[in-house]
Amino acid sequence: MATLNAEHEAVLTKLTVPQKIKLLSGLGWWHTEPIPEADIPSVRFSDGPNGVRGTRFFNGVPASCFPASTGLGSSFDVDLARRVGEALGDECRAKGTHVLLAPTINTQRSPLGGRGFESFSEDPHLNGTIAAAYVNGLQSKGVSATIKHYVANDQEFERPFLGDLSERALREIYLKPFQIAIKNSNPWALMSAYNRVNGLHVSENKRLLDDILRKEWGYKGLIMSDWIGVYSTSESIKAGLDLEMPGPSVMRGRALERAFIAKKVTLHDIDERVSKVLGLVQRAKASGIPFDGPEGYIDTPELRQTLRTAAADSIVLLKNDKELLPLSKEVKKIAVIGPNVKYAMTSGGGSARLLSTYTVSPLQGIREAAKSIKLKSSNGQPGALLEFWNEAPTPDFTSTSPSFSSLLPSSAWSTPTLGSNCVLLDGVYSAKFIPDEDGDWELGLNITGRGNLFIDQKLVIDLSTALGLKAGQEYDLEIRICNADFAAQGTPFPCWGVIRAGGIRVVDGESAVQAAVSLAKDSDVVILVIGLNHDWESEGHDRADMELPGLTNQLVSDILRANPNTVVVNQSGTPVAMPWIEEAATLVQAFYGGNELGNGLADVLFGQVNPSGKLPLTLPRQSSFPSFGDKGQELGKIYYNEGIFVGYRSYEIRKLAPLFSFGHGLSYSKFEYSDLETTAISPEGEFTVSFKVTNVSNTEGREVAQVYISDPQSSLPRALKELKGFAKTHLNPGETKTIKVALDREALSFYDDQHMHWIAERGTFGIHVGASSVDIRLKGEVELAKTFTWTGL
């Protein structure tokens, strides 16, 4: 039975039972309940992980968008992850936020997972290590991190219902990043996942929340639910779930009062949960961040440089066969082509998405770096006006042919907005639409409820084309909607609807590809930027396959045939199919780079930054990944049949070559490895691997040296080798450095599910040091004289 903190116990004695119960659920979306008479303020939360959105989905205060987590993971840079965490801490302070709901450290067991871009890596060691640095940076600013989603929340399809997995897979792959992060950073909060694990929802799973997390690992922080992720009252309390989010409560509140009266929960059960909430409140008070403060943002030269550095360091150079990169100053004519060129795809979608303070698209970054393309801008004030009424302002308000000559009565409320993707609204959306290209445009509209879209008072809601629009000319755009019927149906969250509007110039796909080919033929070099965006990779759905959208593959193939001097830049958070890979001599993986993605990309392409990123995910060949498909084998169940063989572990044991291996990434420098040495393993399982790395090129650069361990004598099947350490080192031309990587019992052990402990078996272990999981430069051995077992962190 847990012992209550003495300071918390003093507060608890002053609280009534209803007050205690009140503290165990949220106040609205982003706050905890206050008890002013007990000096308990309301703590503010915000979504992460690649920025601090604040308390509003709609018309929120802008925020810096950092590279998506797979990009940050590709840096293999613990110091950079810490600095990003620090910057996010400063952003939280500017927004009056005490708790950031980040980082995400689930495992990408499939490349199709909708939120795969939110986690750092398929490898638990890299995932947990980068997460720990992120947490340490964030919490150094007094802001609580919230590692999530504990545990096995690895896909979006039916996420409240899955999954079934072995104890070894649970321990070695899915719990391990949480274990590493908690060991090395002590996050002050943790979020439980929506899903079941082996039949029981995590939010009421005592074994996961109490036996493993609190007792075995000694975790002292608060455990909150994912939003509407609590499905029971007494069970979740007894399992150890402290806080139900969001409010108002569904499974606590009066339901918990009834359970307490019925003795299904005891006062001690409630006090234990409240004590953890008080601990988080105590952290918030110590931070000095005001309670219920205004929301602001930060935009300084120093922060912009951090964003730019993070964007550049998240880029992985996959191929440079002809050494086309970095682009030479002799290049006179560059064609910049592709669907991801013009707009900054800063992040994936869902709760990670936010309104950026500013963005730099690939085209903008390349223009600035090349200084050879003239910029063209349009006039007019950006934004739109939304107006709200509590009832229909006119009888024909939502008809397809309203009287535009009749003035609408004054609205109950109105607000300007810079976006066209608006959540929680009911009213008129009006703006000036200024096309940037001549031609026919197709306008799209998604709404909840009933509504119509007009251009210059002409109905186009049938999604037909708006004909003959002229670049630079203003057009009145008006959307009229009514969400009363939708709101009456009821929703999981209090919600008055959603509106999303957009437009694109109508083009014939084949003709557009041929125009791009003509441009490519007439250029010295082509930079072809392709990929996905926040619609394809998002919370709420998984991808059906790894294919790139539309005619992308045809575009790439035709451009490569037209001009072999083509740099293909793929921007996605997770792997995509590349059927043209053999024809592409130069290939860059850019991930989602945040605010500064365009400048970061240009820095790498033009040699201002020497790329040093390494793949945190295996890039598979089409349909060769172990967890094939985006659905389960049975209704309501996902079987983790691959067990511990996730990511590169699977490809290696199946002797199946991926498209690009885990840890792969090129540099403009060349590095050689030598002089591998290991110390003896101590009785506690600690030892050190040391080796030398030399820069044998004329270009300064950074190398990520990776240390893998193998256990060929294991009594149970293990991966052929596993990443257990890495070091990122800067080297000048001709410079040699000795690298030392300290390892411990984690590097030697696997989980014994029969005896429920970790075991390191006596025998010879292999040491593999290299530039990737397949590019092994040095091999050695180390001897463990005696078997030992352990539990805990």
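Analyst: R649 and D123 are both buried, where buried means under 20% relative accessible area, exposed over 50%, and partly exposed in between (1.4 Å probe, protein chains only). The model is a predicted one, in which local features need pLDDT of at least 70 and side-chain atom pairs count only at pLDDT 80 or more, while totals for chains, interfaces and linings use all residues. Residues are numbered from 1 along each chain as its sequence is written, and side-chain values use heavy atoms, with hydrogens and water left out.

R649 and D123 form a salt bridge, with their closest N and O atoms 3.1 Å apart; the term requires a side-chain nitrogen of Lys or Arg within 4 Å of a carboxyl oxygen of Asp or Glu. Because R649 belongs to helix α18 (residues 648-653) and D123 to the loop between β4 (99-101) and α5, the pair ties together parts that are 526 residues apart in sequence. Helices (H or I, at least four residues) and strands (E, at least two) are DSSP runs, numbered from the N terminus.

The model has 45 salt bridges by this rule. Another one joins the side chains of D299 and R304, at 2.7 Å from N to O. Here D299 is partly exposed, at 36% relative accessibility, and R304 is partly exposed as well, at 33%. D775 and R777 also meet in a salt bridge, at 2.9 Å from N to O. Salt bridges that share partners link R115, E118, E156, R159 and E539 into one network.

The largest cavity is lined by 16 residues, of which N106, R115, G116, N153 and D154 lie nearest its centre. A cavity is a set of points, on a 1 Å grid over the protein atoms alone, where a 1.4 Å probe fits but cannot get out, and lining residues have an atom within 4 Å of a point.

Technical notes. On a 1 Å grid over the protein atoms alone, a cavity is a set of points where a 1.4 Å probe fits but cannot get out, and a pocket is an open set with protein on both sides within 12 Å along at least five of seven lines; lining residues have an atom within 4 Å of a point.
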